[in-house]
Amino acid sequence: MSRRGVDGREYSRPPMPDRWVTFDCYGTLIDWEGGLRSALTALWPEAGPDRLLRLHHTVEPRVQEHGELTYREVLARCLAAVSAIDGLRVPEGRDDALAESLPSWPPFPEVPGALAQLRERGWRLAMLSNTDPDLLAASVAAIGVPFDALITASEAGSYKPAPGHWERFFADTGAAPEHHVHVAASLFHDVEPAARMGLETVWINRLGESSSLPRAAELPDLGGLPEVLDQRPVGQSSSEG
């Protein structure tokens, strides 16, 4: 029986680089608006939850400019600001109501399956979140799919849209930008800063917004993400208005 000759080059090829996909958590994977709306309604059943939610959206970036605050402190200050602006009183002992409710905020229905598919297809997963480590850990447990890296504001030393989360991610993992995609729903916190850094981005446009910011793809949810990432060469961006 003849034996096939062995070509040593087969065994000296460099390994394929890891493919990484990073995610924002709240609003992208976890129903941030639904959870926040429920928490605000529980505090003030008679107030308009949509108005309170808009006020929170307005004040949170300003509070987060103080990068030394924990996210628990950010949520508490936002709650105080919203109550003051709308002439409401925070119930006794409920200053931390938003942070206390956050671990119960659910993932969007399609998220666990989509993330599991990405892992099966060889993608490594990371989370870049503005929250605190213990709060993020509760949300990861609710999603039920393991992540290879978690970067919170405490590790980054800042809140998005500052670039600290991405800088810490690349430093910690050694991931190559050309083999990386960022996936997020927030234009302000994620899509715009990622575009400034020249990073490949998929916008999860859950709210039906419009934007001229450059992105590799735009999806209404994560349902089609595994196919989009596998079909599109990583490192090739486009502008889809």
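**Helix packing and core organisation in the predicted model**

Helix α1 passes helix α2 in a right-handed crossing. In this predicted model, α1 spans residues 32-43 and α2 spans residues 49-64. Two packed helices are described by the angle between their axes and the distance between the axes. For α1 and α2, the axes come within 9 Å and cross at roughly 115 degrees. That angle makes α1 roughly perpendicular to α2, because angles of 65 to 115 degrees fall in this class. On the side of α1, the residues that take part are W32, E33, L36, R37, L40 and T41. Their counterparts in α2 are P49, D50, L52, L53, H56, H57 and E60. By class, the contact between the two helices comprises six nonpolar, three polar and four charged residues.

R37 lies in helix α1 and is partly exposed, with a relative accessible area of 27%. When neighbours within four places in sequence are left aside, R37 is in contact with P49, D50 and L53. R37 and P49 are 12 residues apart along the chain, and their C-alpha atoms are separated by 5.9 Å.

The chain as a whole is considered next. Its secondary structure amounts to 10 helices and six strands. The protein chain has 241 residues, of which 44% are buried. Of the contacts between residues at least 6 apart in sequence, 62% join residues that are at least 24 apart.

The largest nonpolar core contains 57 residues, and F23 and L115 have the most contacts inside it. Helix α3, formed by residues 71-85, gives the most to this core, with six residues. Apart from this core lies another, of 12 residues, which includes L128, A149, A156 and A175. As for L115, its contacts beyond neighbours within four places in sequence are with F23, L29, L125, I143, V145, F147 and L222.

After α8 comes G174, whose phi is positive, near 70 degrees.

The loop between α7 (153-156) and α8 (164-173) contains P161. A cis peptide bond joins K160 to P161, with omega about 25 degrees. P161 is also among the contacts of P193, a residue placed in helix α9. P193 counts as buried because its relative accessibility is 1%, and buried means under 20%. Leaving aside neighbours within four places in sequence, P193 is in contact with P161, W166, L187 and F188. Between P193 and K160 the C-alpha distance is 8.1 Å, although the two residues are 33 apart in sequence. P193 in α9 is therefore buried at 1% relative accessibility and is in contact with both P161 and W166.

Terms used:
Residues numbered from 1 in each chain as written. Predicted model: local features only at pLDDT ≥ 70, side-chain atom pairs only at ≥ 80, totals over all residues. Heavy atoms only, no water. Core = buried A, V, L, I, M, F, W, Y, C linked by side-chain atoms within 4.5 Å. Buried < 20%, exposed > 50% of the residue type's maximum accessible area, 1.4 Å probe, protein only. Helix = DSSP H or I, 4+ residues; strand = E, 2+ residues; numbered from the N terminus. Contact = heavy atoms within 4.5 Å. Axes fitted to C-alpha atoms, helices over the stretch in contact; angles between N-to-C directions. Parallel < 35°, antiparallel > 145°, perpendicular 65-115°, else oblique. Left-handed = near helix turned anticlockwise from the far one by under 90°. Nonpolar A, V, L, I, M, F, W, Y, C, P; charged D, E, K, R; others polar.
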